[in-house]
Amino acid sequence: MRYLDKISDPADLQQFSERELTLLAGEVREAILACVSEVGGHLAASLGTVELTVALHSVLQSPRDKIVWDVGHQCYAHKLLTGRRDSFGTIRQYGGLSGFPSRGESVHDVVGTGHASTSISYGLGLVEAAKLTRGGGNVVCVLGDGALTGGVAFEAMNQAGHLHTPLVVIINDNEMSIRANVGALQLYLNRIRLDPTLTRLREDLERGVARIPAIGQQAYRLGKDVKESMKALLVPGMLFEELGFAYIGVVDGHDMHALRESVRQAIDTRRPVVVHVKTVKGKGYEPAEARPDAFHGTGPFHLGNGVRKAAAGGTTFTEAFGQALVRLAETDPRIVAVTAAMTQGTGLEEFERRFPERFYDVGIAEEHAAVFAAGLAIGGMRPVVAVYSTFLQRAYDMLVQDIGLQRLPVIFAVDRAGLVGDDGPTHHGAFDLSFLRVIPNLTIMAPSSQAELQRMLRTALDIDGPVAIRYPRGMAAPFAAPAELEPLAVGEARVLEEGRDVALIGIGTGVGIAREAAALLQDRGEQPTVVDARFVKPLDAALLERLAATHRRLVTVEENALAGGFGSAVLEQVGTSVPVVRFGLPDAFVPHGDRTLLLEDLGLTPRAVAAAAALHPAALTRVK
Ligand SMILES: Cc1ncc(C[n+]2csc(CCOP(=O)(O)OP(=O)(O)O)c2C)c(N)n1
């Protein structure tokens with residue numbers, strides 16, 4: 001790597017000519033491909049922003065100037081150019097670099113991100129803080145057209161336009177969210193992009209009106225309304241201009257010279273400015289350009305042909321959910337599916353194909369998704385909002401106010417609950433049981449298997465109120481759908497093994513751990529009771545009271561924060577009548593890495609549970 005090897009700090013980019021910067025971009029792209037094909041990661045977005053990243057770091061002086069990456073999944077080139085070239089191969093692995101900007105990792109990662117649409121808010125705060133502290137530096141936010149579908153981006157633009165603060169917002173428009181972007185705004189961006197004559201027309205309009213002789217200011221004012229409405233119809237960037245932003249675009253996002261010029265120009269305007277950059281997601285790697293959705297986040301693949309190295313066998317929870325939803329929707333026309341830009345991730349592709357009129361992708365807009373679903377429910381539908389646990393956090397007020405309080409039958413299929421592994425703390429679903437449990441009227445279930453998940457979905461349809469079903473990422477298992485999807489009795493746990501002395505009570509993935517722990521204890525001659533709690537709310541109070549009265553110790557196992565989670569609910573139920581030992585996630589943000597390693601690290605393993613459950617101290621040492 002002739003150029004990349006010379007860069008240990010972004011300041012090193014100053015030594016290169018524009019032609020050399022373009023060659024450097026090629027090397028960066030190669031380095032990203034070499035690494036991600038080995039270890040997996042967010043490929044397509046990072047490939048698409050290579051030239052943009054090189055251009056930004058060559059024009060700006062990071063960290064004095066600040067780049068805020070929205071979502072942060074496109075930051076691989078940035079990592080390579082900011083002193084992390086040598087450790088780049090460790091990205092997303094246990095103990096290695098994060099797959100997202102991370103404040104602890106580098107001074108060049110100004111903010112830590114992972115969730116979408118926050119960059120303009122961060123950027124505006126940074127600029128205002130610099131003003132108040134008389135610090136300096138330019139701030140450039142980079143967000144995708146997908147991230148722009150999130151309302152918070154507009155809340156920030158609304159304020160920025162009002163404050164008139166110098167802030168550069170680069171819209172990286174590749175027409176893609178994880179899949180093809182949706183919404184009226186995307187159509188607007190498309191229209192700007194597709195017709196270059198519009199840019200000229202805009203300039204002609206501005207100049208033309210000003211130049212008409214002998215008409216004077218009055219005529220100009222009279223004509224202004226006409227001009228404005230014509231502009232609104234025809235002129236690129238008008239929407240942003242109305243929000244108080246200058247607009248520069250459309251810029252070829254793979255042309256180093258054009259990028260550098262427009263960034264310089266944007267900074268020189270000294271006011272809020274949008275730079276509309278057109279990029280190709282997956283740029284430079286044919287399989288990723290052809291299927292940017294498949295290469296948005298990928299596992300290891302063969303560089304030669306783009307084929308994934310290992311495909312998981314069995315059925316994941318996500319797939320089991322998607323299958324059951326389709327099956328139930330065949331006979332229940334009230335069922336509609338709602339996703340916030342996560343159709344594939346939440347297993348809704350088949351549903352969309354089968355029932356396009358009952359499928360809604362609302363964009364990266366979880367808050368809206370929740371209230372939209374509330375409206376659908378009031379209107380007589382049975383909306384199922386499929387959402388990752390971590391992104392559901394966005395919609396919390398809506399859960400409480402618009403769904404819980406109104407007792408509306410909205411079903412939340414909460415995917416990626418528990419540890420997700422490589423994406424780390426921004427994406428772990430560590431808190432949903434805690435934040436959901438306090439909402440009155442909400443029924444909360446967590447399946448221990450794919451079959452249970454399908455039955456829970458069936459059960460949810462009979463409940464006249466809001467329901468959340470939380471289940472983990474991946475975890476494929478051999479699975480044949482039950483012939484009948486029998487509903488469960490609401491609030492009833494399932495006793496898997498009736499024993500004595502110690503009761504191991506698992507919820508969700510905790511059930512598997514509890515079962516394995518029980519097997520270890522049985523090997524040592526103990527006879528624990530094993531329970532699949534199934535429901536976090538309502539709890540099976542009668543069973544818990546019985547277990548408390550007949551056992552010497554209860555042990556709860558969950559993949560959720562201990563604070564306020566399932567074990568806390570059990571404690572609240574049984575009080576001090578029996579000792580309760582709780583296993584779950586600690587009061588800390590869990591880092592990224594292989595899920596098994598993380599669980600090992602956190603002591604959330606069958607061995608640790610068995611050791612704590614063993615009644616006789618000697619067993620503690622014997623359990624291996
Ligand atoms: C609040 C939130 N919801 C969902 C996601 C999942 N997500 C990650 S990237 C992405 C698409 C982003 O599209 P865009 O901003 O256009 O960037 P691109 O990948 O196209 O470069 C989505 C939906 C997220 N990170 N944050």
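Residues are numbered from 1 along each chain as its sequence is written. Because the model is predicted, local features need pLDDT of at least 70, side-chain atom pairs count only at pLDDT 80 or more, and totals for chains, interfaces and linings use all residues.

**Domains**

The protein chain is assigned domain 1 (4-290), domain 2 (317-470) and domain 3 (494-617). Such bounds come from an automatic or database domain assignment. The C-alpha centres of domain 2 and domain 3 are 26 Å apart. Between these two, 23 residues of domain 2 are in contact with 30 residues of domain 3. Contact means that the C-beta atoms of two residues, placed from the backbone, lie within 7 Å.

On the domain 2 side, α18 (432-437) and β10 (443-445) are the elements that give two or more residues. The most come from α18, with four residues. By class, this side has 11 nonpolar, seven polar and five charged residues. Here Ala, Val, Leu, Ile, Met, Phe, Trp, Tyr, Cys and Pro count as nonpolar, Asp, Glu, Lys and Arg as charged, and the others, Gly among them, as polar. Helices (H or I, at least four residues) and strands (E, at least two) are DSSP runs, numbered from the N terminus.

**Two sheets**

Strands of a sheet pair through backbone hydrogen bonds, either parallel or antiparallel. Two strands count as paired if DSSP finds at least two bridges between them.

| Sheet order | Pairing |
|---|---|
| β1-β2-β3-β5-β4, five strands | parallel |
| β7-β6-β8-β9-β11-β10-β15, seven strands | mixed |

Both are listed as open sheets. Take the five-stranded one. Its edges are β1 (66-69) and β4 (246-252); each has a single partner strand, so one side of each is left without a neighbour in the sheet. Inside it, β3 (167-173) and β5 (272-278) pair in the parallel sense over seven bridges. Axes are lines fitted to C-alpha atoms, for helices over the stretch in contact, and angles run from 0 to 180 degrees between N-to-C directions.

β10 and β15 pair in the antiparallel sense over two bridges. M445 has F535 in β15 as its bridge partner. Helix α19 (450-461) lies across β8, β9 (411-415), β10 and β11 (467-470), at about 175 degrees to β11.

**A helix pair**

Helix α5 (119-133) also packs with helix α6 (151-163), at an angle of about 30 degrees and with axes 7 Å apart. That makes α5 roughly parallel to α6. Angles under 35 degrees count as roughly parallel, over 145 as roughly antiparallel, 65 to 115 as roughly perpendicular and the rest as oblique. From α5, I120, S121 and L124 meet V152, A153, A156, M157, Q159 and A160 in α6. This contact has seven nonpolar, two polar and no charged residues.

**Around the ligand**

Where does the ligand shell lie? Domain 1 and domain 2 both give residues to the shell, so it lies between them. Of the 24 residues around the ligand, A45, A116, G144, G146 and A147 come nearest. A residue is near a molecule or strand if its C-beta atom, placed from the backbone, lies within 6 Å of it. α2 (44-48) and β2 (139-144) each supply at least two shell residues. The shell divides into 11 nonpolar, nine polar and four charged residues.
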